[in-house]
Amino acid sequence: MGKKAKQKAKQAIDAPLEDGLEAEAAYYARKVGITRDEAAKIIRKANAPKLSIVRKEKAR
């Protein structure tokens, strides 16, 4: 199980990141102790547009 995780991480690191995300992911990864790609995934998820819930008004 350990070898597969390391191989997967090496392959994911080779993929380039978007502008600005690379530095932020590297900083966050160092602070938290995770890989740069895991940090980039977390940042992308946090920045994803969120659906807004609109309540329907009750007819009186």
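The following legends describe an overview and close-up views of a predicted model.

**Overview. Three helices and zero strands make up the secondary structure of the protein chain.** From the N terminus on, the elements run α-α-α. Helices (DSSP runs of H or I, at least four residues) and strands (E, at least two) are numbered from the N terminus. Of the 60 residues in the chain, 13% are buried; buried means under 20% relative accessible area, exposed over 50%, and partly exposed in between (1.4 Å probe, protein chains only). The accessible surface of the chain is about 6000 Å², with 56% belonging to carbon and sulfur atoms. Areas come from the Shrake-Rupley method with a 1.4 Å probe, and for residues only the protein chains shown count as cover.

**View 1. The largest nonpolar core consists of six residues: L21, A25, A29, A39, A40 and I43.** Helix 2 and helix 3 (36–47) are the elements that give two or more residues to this core. Such a core is a set of buried Ala, Val, Leu, Ile, Met, Phe, Trp, Tyr and Cys residues joined through side-chain atoms within 4.5 Å. In soluble globular proteins, nonpolar side chains tend to be buried together.

**View 2. A29 is in contact with I34, T35, R36 and A39, leaving aside its neighbours within four places in sequence.** Contact means heavy atoms within 4.5 Å. A29 is also one of the residues of the largest nonpolar core.

**View 3. Y27, Y28, V32 and I42 form a nonpolar surface patch of about 370 Å².** Helix 2 (residues 21–32) supplies the largest share of the patch, three residues. Y28 lies in helix 2 and counts as partly exposed because its relative accessibility is 32%. Patches are made of residues with over 30% relative accessible area and no salt bridge; like charges are joined within 9 Å, nonpolar side chains (Val, Leu, Ile, Met, Phe, Trp, Tyr) within 5 Å. A salt bridge is a side-chain nitrogen of Lys or Arg within 4 Å of a carboxyl oxygen of Asp or Glu.

**View 4. A23 is found in helix 2.** A23 counts as exposed because its relative accessibility is 57%. The C-alpha atoms of A23 and R36 are separated by 9.3 Å, with the two residues 13 apart along the chain.

**Notes.** Residues are numbered from 1 along each chain as its sequence is written, and side-chain values use heavy atoms, without hydrogens and water. In this predicted model, local features need pLDDT of at least 70 and side-chain atom pairs count only at pLDDT 80 or more, whereas totals for chains, interfaces and linings use all residues.
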